[in-house]
Amino acid sequence: SGVISSGAEGDEVTVLQQTCGASFGTAIAGTQTRAGGLWNAEPTSIALIAASATYRAKWEDVQSEPVAIHPPMPIFMVPTATQRNRMRVMVQTGSVQQDMKGRIVQLERLRNRKWKTIGRKKLVVGLAGGAGFTYEAVFPVKRGWTVRSSIPAASAAPCFAGNSTKKFKVG
């Protein structure tokens, strides 16, 4: 939503989305201005919204300042199905074309009410599926540990922010 500088009613406004990592933007919404040049637009489909993108409004030949939305990197941690005392850490890029191969994820252990990094590994390519690309790393753990995994901001950038999983008690 916004206001065009002319204040005119009935002018066309288009919302452009540039998915992080893409070299071009696409129109995802359009509308006409109301009295005073006010406008509000919603995407024609929720499926058009990228996981991480920069948005601009376009009116005639004028584009607004960009607004970037880079959410926390989706990160998951599960016990491995085939190996005991191992945790699989996965990150997903969704519709964003950001190569995560070789980026660092870490395993942290809760001791004395403080999280301490106990392992760092480089991500490798996992599965490609409906949720986009998955990258993963496997860490050894011991029974009784309370652990979580995190991806530092530097590893998640430029399209995502750093993030951590919820804590998990190894059984």
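Reader: Ground rules before we start?

Author: This is a predicted model, where local features need pLDDT of at least 70, side-chain atom pairs count only at pLDDT 80 or more, and totals for chains, interfaces and linings use all residues. Residues are numbered from 1 along each chain as its sequence is written, and side-chain values use heavy atoms, with hydrogens and water left out.

Reader: How many helices and strands are in the protein chain?

Author: One helix and 16 strands. Both are DSSP runs numbered from the N terminus: helices are H or I with at least four residues, strands are E with at least two.

Reader: Compact globule or more spread out?

Author: More spread out, because the radius of gyration is 21 Å, well over the 16 Å that the globule rule gives for 171 residues. That radius is taken over C-alpha atoms, and the rule is 2.2 Å times the number of residues to the power 0.38. Along its principal axes, the C-alpha trace spans about 65 × 35 × 25 Å.

Reader: What share of the residues is buried?

Author: Buried residues are 33% of the 171. Buried means under 20% relative accessible area, exposed over 50%, and partly exposed in between, using a 1.4 Å probe and protein chains only.

Reader: And the surface?

Author: The chain exposes about 10200 Å², with carbon and sulfur atoms supplying 52% of it. Those areas come from the Shrake-Rupley method with a 1.4 Å probe; for residues, only the protein chains shown count as cover.

Reader: How far apart are the mean positions of the positive and negative charges?

Author: They are 33 Å apart, for 22 positive and 10 negative charges. Lys and Arg count as positive, Asp and Glu as negative; His and the chain ends are not counted. Each charge is placed at NZ of Lys, CZ of Arg, CG of Asp or CD of Glu.

Reader: Now the strands. What does β5 pair with?

Author: Strand β2 (residues 12-19) pairs with β5 in the antiparallel sense over seven bridges. Strand β7 (residues 67-69) is also antiparallel to β5, over three bridges. β6 joins β5 by two bridges, antiparallel again. Two strands pair if DSSP finds at least two bridges between them.

Reader: Which residues are the bridge partners of A53?

Author: In β7, the partner is I69. T19 also has A53 as its bridge partner.

Reader: Which face of β5 is covered?

Author: The covered face holds A53, Y55, A57 and W59, while T54, R56 and K58 make up the uncovered one.

Reader: Tell me about T54. Buried, exposed or partly exposed?

Author: Partly exposed, at 24% relative accessible area. Beyond residues up to four places away in sequence, T54 touches L16, Q17, Q18, P66, V67 and A68. Contact means heavy atoms within 4.5 Å. Q17 is 37 residues from T54 along the chain, yet their C-alpha atoms are separated by 5.8 Å.

Reader: What happens at the turn between β5 and β6?

Author: The two strands form a hairpin with two residues between them, and E60 takes a positive phi near 50° there. E60 is exposed, with a relative accessible area of 56%. On the strands themselves, K58 stands opposite Q63 in β6.

Reader: Switching topic. Where is T80?

Author: T80 sits in the loop between β8 (75-79) and β9 (86-92). T80 counts as buried, at 9% relative accessibility. Leaving aside neighbours within four places in sequence, T80 contacts R86, M87, R88 and V138.

Reader: Last one. Where is the cis peptide bond?

Author: It joins A157 and P158, with omega about 5°. P158 is in the loop between α1 (153-156) and β15 (163-164).
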